[in-house]
Amino acid sequence: MQSQLKTLLQSASLVLALSVSAPAVASIGVWVQEKALAAEQYRAGLTTGFVKVDGHDVQVFTRKLDSNAPCIVMIHGFTARGAHWFRMAQKMPAERCIISLDLPGFGDSSFIPTANYDAATQADRVSAVIKALNPKNPRVDVIGNSMGGFISAELALRHPDQVHSVGLMNASGVSSPTPSVLRQQISAGKNGFFAKDIEGFHAFYAMTMSKPPFIPGFVLDAVGEQAISRVPRHEYIFKQISDTTLDDQLGKIKAPTLIIWGDEDKLLHISMASVWRKISGSRVFVFKGIGHMPHLERPTESAELYTKFLNKTL
């Protein structure tokens, strides 16, 4: 079925390239992307909603809020969105409560040009979102990728009574003993997150994953155009999150912690895992041949690993 869908999308991409204007292709690309994400959301059993937090309308995706077990709260990375967790959410045990969200400033949640979007402030907002949703079990198992990992750690530090466990997937928020490819580029004056044209977006996208899921070219172009349109917003937020580390606070995190990394991550060097390892009792798992987003590159294996951690069978 998946191979047939891939073939169909490839054929559609060729037809569109030959017969439709560029703006129309971009619109169709957005439509196809949203339909594909909606299908993934349906398979994950997640319902869409909005909650009001700190002046922001925050989009949330939830299921099984009445579960006795802690909800799994999935926090996305910089320039990403809650939908990026759908593939992994599909593979998590069906009886588990899940909360994913578009962080304030990202996805379809509100952005306020004068607001703060540092990791600590975002962690407080995530805490407020959880309370607004009022799950049966008030404690959560939080997992975050990249910036989302930074926010997850801040949540554990600032709201320890709310956090049952922490998952840090290629997480930012600590120093990097060895600079990543991206960090070296930023030091040289180039930040791929802020691509100004579609060629620059494609070059940066190629850095994010070693094994990206299949996306038709016209859909990826539409994603790129959306990202380019939000560069001023992202630049504003990046300034607030890029210069802070939690190196001297890691000993204060008491929740059980799993650190996950892809050994081919070009955005955040794997050496950062050794810094996160200062969290007492934490464990590290490394995916071979995987880049910055294991939950997209290997959703099944990521879900299996994380489930074992939650079940204390890892």
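**Figure 1. The open sheet of the predicted model.** Eight strands form an open sheet in the order β1-β2-β4-β3-β5-β6-β7-β8, and their pairing is mixed. At its edges stand β1 (47–53) and β8 (283–287), each of which pairs on one side only. From one strand to the next, the twist averages 20°. The coordinates shown here and in the following views belong to a predicted model.

**Figure 2. The pairing of strands β6 and β7.** Strand β6 (residues 163–169) and strand β7 (residues 257–262) run parallel and are joined by four bridges. Within this pairing, Leu-168 has Ile-259 of β7 as its bridge partner.

**Figure 3. Helices packed on the sheet.** Helix α4 (residues 119–133) packs on the sheet, where it touches β1, β2 (56–63), β3 (71–75), β4 (98–101) and β5 (140–145). The direction of helix α4 makes about 115° with that of β1. Another helix, α12 (residues 299–310), lies across β3, β5, β6, β7 and β8. Relative to β7, helix α12 runs at about 165°.

**Figure 4. The largest nonpolar core and the surroundings of Trp-276.** The largest nonpolar core holds 57 residues, of which Phe-78, Val-126 and Trp-276 touch the most other members. Helix α5 (residues 147–158) gives the most to this core, contributing seven residues. In soluble globular proteins, nonpolar side chains tend to be buried together. Not counting residues up to four places away in sequence, Trp-276 touches Ala-153, Leu-168, Ala-171, Ser-172, Gly-173, Val-174, Leu-246, Leu-250, Ile-259, Trp-261 and Ser-282. Two of these contacts, Leu-168 and Ile-259, are the bridge partners shown in Figure 2. A second, separate core comprises 24 residues, among them Trp-85, Met-169, Ile-260 and Tyr-306.

**Figure 5. The disulfide of Cys-71 and Cys-97.** One disulfide is found in a search of the whole structure. The disulfide is formed by Cys-71 and Cys-97, whose sulfur atoms are 1.8 Å apart. The link is right-handed, with 80° about the S-S bond. Cys-71 belongs to strand β3, whereas Cys-97 lies in the loop between α3 (86–91) and β4, so the pair ties together parts that are 26 residues apart in sequence. Both Cys-71 and Cys-97 are buried.

Figure 6. Ser-100 lies in strand β4 and is buried, its relative accessible area being 1%. A polar atom of the Ser-100 side chain lies 3.0 Å from the backbone oxygen of Gly-82. Not counting residues up to four places away in sequence, Ser-100 touches Gln-59, Val-60, Phe-61, Met-74, Gly-82 and Trp-85.

Figure 7. Ser-165 has its place in strand β6. This serine counts as buried because its relative accessible area is 3%, and buried means under 20%. The side chains of Ser-165 and Asp-141 make a polar contact at 2.6 Å. Apart from neighbours within four places in sequence, Ser-165 is in contact with Val-140, Asp-141, Val-142, Ala-255, Pro-256, Phe-309 and Leu-310.

Conventions. Residues are numbered from 1 along each chain as its sequence is written. This is a predicted model: local features need pLDDT of at least 70, side-chain atom pairs count only at pLDDT 80 or more; totals for chains, interfaces and linings use all residues. Side-chain values use heavy atoms; hydrogens and water are left out. A nonpolar core is a set of buried Ala, Val, Leu, Ile, Met, Phe, Trp, Tyr and Cys residues joined through side-chain atoms within 4.5 Å. Buried means under 20% relative accessible area, exposed over 50%, partly exposed in between (1.4 Å probe, protein chains only). Contact means heavy atoms within 4.5 Å. Two strands pair if DSSP finds at least two bridges between them. Axes are lines fitted to C-alpha atoms, for helices over the stretch in contact, and angles run from 0 to 180 degrees between N-to-C directions. A polar contact is a pair of N or O atoms within 3.5 Å; within protein, one must be able to donate a hydrogen and the other to accept it, and residues adjacent in sequence count only if both atoms are side-chain atoms. A disulfide is a pair of cysteine sulfur atoms within 2.5 Å.
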